[in-house]
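Biologist: I'm new to reading models like this one. Could you walk me through it?

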Amino acid sequence: MTDTVDDVDQPYDTDASQQEKIESLEERIDILDGQNEEMRDKLLDANAENNKYKQKLERLTHENKKLKQSPLFVATVQEMTDDGVIIKQHGNNQEAVTEVTPETREEIEPGSRVAVNNSLSVVTDLSDETDVRARVMEVEESPGVNYEDIGGLEEQMNEVRETVELPLESPEMFTDVGIEPPSGVLLHGPPGTGKTMLAKAVANQTDATFIKMAGSELVHKFIGEGAKLVRDLFEVAREHEPAVIFIDEIDAIASKRTDSKTSGDAEVQRTMMQLLSEMDGFEERGEVRIIAATNRFDMLDRAILRPGRFDRLIEVPKPNAEGREKIFEIHTRGMNLADDVTFEELATDIAEASGADIKAICTEAGMFAIRDDRTEVRMEDFHEAWTKIDTDEVDADVSKTFA
Ligand SMILES: Nc1ncnc2c1ncn2[C@@H]1O[C@H](COP(=O)(O)OP(=O)(O)OP(=O)(O)O)[C@@H](O)[C@H]1O
């Protein structure tokens, strides 16, 4: 409600003369002006202070963002004391006393998984994140791949069956003869040639759980956790016996030591050491078999190939003409083919294609038929598909070269 003249405390007596009233009012105005000036100064000071805090906030937010962006390490909270928090880093198992903000302190407790920065300050609580194991491991109870789905790899298939399937299905044969079954199998060869398929098929055949982990993810996505995840991998396998562990792109964790001493290399080394020690303890592992795959056999550290580790090396090359014919047959099983399609001719015409290429050619050939409003796939569709896929691959390679 607005004050009326009657409500306001007048600075003069009611019986004062007009002149006296004016003078008193002028005096009051002076005082109010002075007060106003004072308030304005205070407001300016407050604004300046406010700006200072705003800048500080911006700086801290920026710093916070930077801290979160730079690679973080994973640790587990051991104990919470008044002076700080005792954490144990994953990977190197080193303990440290570190600081946390009051907000983070509220969120964590002994046993929490936390992310720490370079100076080991706790940056965030990881407990709420989806279980890393689930994100890094692909576990399939019965992968839907059969030996009949694989073309042109009879020799490789026989070797895998002998080294992985036989010890899982008839372990007594090995005990009777008195030999240890081969511990690990390493499949090596160009991309898309069926290495993963072989591992899946053998797991399916033996009713084993298929557990896949990609070496590159261990190294690039789960920094600081590689060694622990390798331990977890073998633990999960033991929980799911019989199991086939498939480590794809093993070169990412088991490549030749480089001279550089960066922490990244040290981390990769730790992951590899953990893998070696898990493999060396293989006898007690029971019904768990290991299959690893690489496209870069030349890069592998020889330590991984010592007897008792991956002692069966199986090359999985690109298919020859006969293999390509078989793979075309497999991937066109459900397709409506025109009479002019002959696998033999396709296999000869489409040289250099891998199994994965052939699968892509078949799908693309089907697409050409659909675009042409046909339900039957003709020979020309396969040729056009190969030209398209081959060109796409070349383009991708070129853009990789220029990237
Ligand atoms: N020999 C093959 N017989 C039938 N299909 C094949 C064969 N090789 C590859 N394929 C097809 O290509 C796809 C990819 O193959 P797969 O993942 O087994 O290759 P990979 O050798 O493990 O490749 P990468 O090294 O890139 O991981 C398969 O799902 C399958 O459809």
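Biologist: How many helices and strands does the protein chain have?

Modeller: First, a caution: this is a predicted model, where local features need pLDDT of at least 70, side-chain atom pairs count only at pLDDT 80 or more, and totals for chains, interfaces and linings use all residues. Residues are numbered from 1 along each chain as its sequence is written. Helices (H or I, at least four residues) and strands (E, at least two) are DSSP runs, numbered from the N terminus. Here the protein chain has 13 helices and 11 strands.

Biologist: Which residues does UniProt list for "binding site"?

Modeller: UniProt positions follow the numbering used here, feature names are shortened, and annotations may be inferred rather than shown by experiment. The unreviewed UniProt entry lists Gly 192, Thr 193, Gly 194, Lys 195, Thr 196, Met 197 and His 331. Of these, Gly 194 sits in the loop between strand 7 (184-188) and helix 6 (195-205), while Thr 196 is in helix 6.

Biologist: Is Gly 194 buried or exposed?

Modeller: Count the other C-beta atoms, placed from the backbone, within 10 Å of a residue's own: 20 or more is buried, 12 or fewer exposed, in between partly exposed. Gly 194 is buried because it has 27 such neighbours. Thr 196 has 19, so it counts as partly exposed. Across the chain, 31% of the 403 residues are buried.

Biologist: What does Thr 196 touch?

Modeller: Two residues are in contact if their C-beta atoms, placed from the backbone, lie within 7 Å. Leaving out residues up to four places away in sequence, Thr 196 touches Phe 246, Asp 248 and Ala 293. With that same exclusion, Gly 194 touches Ile 150, Leu 153, Val 316 and Gly 355.
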